Amino acid sequence: MRNMEQWIEKYPKNSVVRKAFVFASGAHKNATRASGDPYITHCTTVARTVHEWRLDEQSVAAAFLHDVVEDTDYTKEDIAKEFGGEIASLVDGLTKLKHFKYGENPDVENLRKLILSFTNDLRVIIIKLSDRYHNMKTLQFLFPEKQHDIAWETMEVYAPIAYRLGMQRLSGELEDFAFPFLYKDEHRWLINSVKERFEERATYAEKIEPIVHKILEEEKIRPISVDSRAKHYYSLYRKLMRNDMDLEKIYDLVALRVIVKTVEECYATLGAIHKYYAPLPGRFKDYISRPKPNGYKSLHTTVFCVDNRITEIQIKTREMHEENELGIAAHWAYEQEKDFAGTRETWTGVKNRRELLWVKQLKNWQKNFTNQKDFLRALKVDFFKERIFVITPMNDVIDLPAGATPIDFAYQIHSEIGNQCVGARINGKIVPLTYELQSGDLVEILTQHGKKPSEDWLRLVKTTLARKYIKSALREKTKKLQKKIGREFLEFKITSLDRPGYLKEIAGVFADLKINITYLQSQTDPRLTFSLITLRCCVIPKSKLNKILVNLKKIQGTNEVSYKYVR
Ligand code: MN
């Protein structure tokens with residue numbers, strides 16, 4: 001057995017992590033990678049990354065074991081026997097992902113969804129991302145054909161998934177690894193054109209760091225750090241393509257990054273910087289009050305900085321920074337840290353509790369769904385699809401699926417606000433209820449007491465919550481209507497040309513709306529020029545009645561339609 005890395009030793013001797021390390025070392029003991037390294041180095045690297053992302057013990061163990069079923073004689077059942085069902089199912093998910101084959105002209109969006117639906121556990125995806133990260137780092141050792149395939153998959157499938165999970169840095173790095181394998185010439189051109197400028201900007205950033213420190217000191221702000229970050233190459237390339245390949249238009253080639261302790265300090269820092277350096281109009285972005293759809297939070301401003309040079313400055317708290325880098329995993333980690341605030345525990349003690357919470361959260365989320373299929377649908381529809389963030393008059397941020405309308409928003413606030421909603425004001429302007437909300441919209445709902453939702457709303461809403469409330473309000477409305485009108489019914493008189501099949505078409509109009517006809521009589525005049533049809537049904541809501549009138553008139557041969565309520 002190889003020497004154990006220090007981080008592994010921090011796990012207790014009888015932990016599944018240690019056990020998985022020993023097991024994987026044995027299983028892969030005679031194998032080497034294309035680079036010539038012993039195979040276990042790959043497993044250890046993948047597991048270490050998963051450990052650094054603060055996933056639970058089961059995930060770290062599964063990371064050690066992720067290639068065992070695929071590459072050795074051990075089966076899924078062997079893993080289950082040694083490590084239990086949970087770890088075995090994680091490993092199984094990873095094995096399945098590896099066997100996934102692409103068709104000739106794969107639809108990329110579907111691929112991402114398909115891959116997500118392959119697994120019922122987000123941890124599988126996250127471990128897979130760690131696996132892919134290491135494979136991309138060592139891609140140069142493979143044959144060109146294979147390099148291209150893996151790079152393509154990374155660029156089109158895994159980098160976007162990482163982005164959606166909020167793992168911004170990982171997504172950027174995966175793209176940068178894939179870039180030269182997919183677009184060799186473009187990559188070379190970019191490196192050559194920006195190398196000097198990158199270096200020069202980095203030197204400049206170093207020079208202004210202490211100046212920014214000093215400015216903040218004057219304002220009594222003590223930042224955790226002031227440093228700079230260079231833009232990822234592929235993301236730079238994409239931005240250049242949108243900007244006529246003009247490097248002059250890229251202000252965030254190297255951005256200054258200020259990390260402070262609290263949200264208040266973020267805004268105070270922004271104020272301090274704007275006091276000394278004039279901001280470039282229209283370039284300030286408040287991703288704290290309006291985070292990006294993947295959860296990214298930060299303040300971005302572009303200022304005329306030292307020597308009047310245009311410079312982007314990003315301001316965030318340490319939590320935001322870590323969340324921006326780690327995405328979904330960090331979110332869980334922070335939830336947990338809050339619980340431990342002020343308590344002193346040993347590293348493993350805290351670690352164990354964290355793991356439990358991480359898993360609990362995931363399971364709770366999963367538990368809200370009665371069956372696996374619904375959960376997967378929600379995973380795709382509610383979680384992975386683009387989200388928008390809109391703002392209430394009280395400055396609360398409401399998270400909705402893209403395409404949501406003011407009605408969705410209203411129900412999100414309160415069921416009664418939804419039911420009584422008659423209109424909406426977006427950024428101060430009245431809009432129709434069909435309006436598609438955009439991220440950053442300030443939404444006010446106009447209500448009218450006693451108002452009830454209409455059936456049309458069901459077509460307008462995107463959230464399951466709104467749908468649920470509307471349906472239940474509609475049911476109530478029908479009940480009340482029936483009560484009010486007692487034994488009344490509706491009688492139609494229709495005059496029409498007499499032609500075969502006409503009656504059947506009339507009956508069809510009612511059947512389509514699921515309305516029972518209780519009485520039907522047809523009288524034809526002696527000269528056979530027209531018929532008079534009398535038809536009765538129970539009392540129906542106005543909206544359905546209108547539909548019936550329209551559809552009856554549409555039928556070929558219909559002359560006149562009238563109706564009245566009969567007791
Ligand atoms: Mn692997």
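Q: In strand 14, what is the bridge partner of T495?
A: E560. Strands here are DSSP runs of E with at least two residues, and helices are runs of H or I with at least four, both numbered from the N terminus.

Q: How does strand 11 pair with strand 14, and over how many bridges?
A: Strand 11 and strand 14 (residues 558–566) are antiparallel, with 8 bridges. Two strands pair if DSSP finds at least two bridges between them.

Q: What kind of model is this?
A: The model is predicted: local features need pLDDT of at least 70 and side-chain atom pairs pLDDT 80 or more, while totals for chains, interfaces and linings use all residues. Numbering starts from 1 along each chain as its sequence is written, and side-chain values use heavy atoms, without hydrogens and water.

Q: Back to strand 11. How many bridges pair it with strand 13?
A: 9 bridges, in the antiparallel sense. Strand 11 covers residues 489–497 and strand 13 covers 530–538.

Q: What stands opposite F489 in strand 13?
A: C538 does.

Q: New topic. What coordinates the manganese ion?
A: H42 and H66 through NE2, and D67 and D131 through OD, at 2.2 to 2.4 Å. Donors are N, O and S atoms within 2.8 Å of the metal (3.2 Å for Na, K and Ca); water is not among the atoms, so sites may look incomplete.

Q: How are the donor residues spaced in sequence?
A: The pattern is H-x23-H-D-x63-D.

Q: Which parts does the H42 and H66 pair tie together?
A: H42 sits in helix 3 (residues 39–52). H66 is in the loop between helix 4 (57–65) and helix 5 (68–71), so the pair ties together parts 24 residues apart in sequence.

Q: How many cavities of 30 Å³ or more are there?
A: The structure has 1. A cavity is a set of points on a 1 Å grid over the protein atoms alone where a 1.4 Å probe fits but cannot get out. The largest cavity holds about 30 Å³, a volume being the space filled by probe spheres set on the points, which are joined across faces, edges and corners.

Q: What lines the largest cavity?
A: H66, D67, L94, T95, K98, K128 and D131; lining residues have an atom within 4 Å of a point. Helix 7 (85–99) and helix 9 (122–137) each give two or more residues. Helix 7 provides the largest share, 3 residues.

Q: How many bridges join strand 1 to strand 2?
A: 6, and the two run antiparallel. R229 stands opposite A255 in strand 2.

Q: What about the open sheet of 3 strands, what order?
A: 9-8-10, with antiparallel pairing. The edges are strand 9 (429–431) and strand 10 (443–447). Neighbouring strands are turned by 35° on average, direction ignored.

Q: Which strands does helix 19 lie across?
A: Helix 19 (residues 406–413) lies across strand 8, strand 9 and strand 10, at about 85° to strand 10.

Terms used
Axes are lines fitted to C-alpha atoms, for helices over the stretch in contact, and angles run from 0 to 180 degrees between N-to-C directions. Contact means heavy atoms within 4.5 Å. On a 1 Å grid over the protein atoms alone, a cavity is a set of points where a 1.4 Å probe fits but cannot get out, and a pocket is an open set with protein on both sides within 12 Å along at least five of seven lines; lining residues have an atom within 4 Å of a point.
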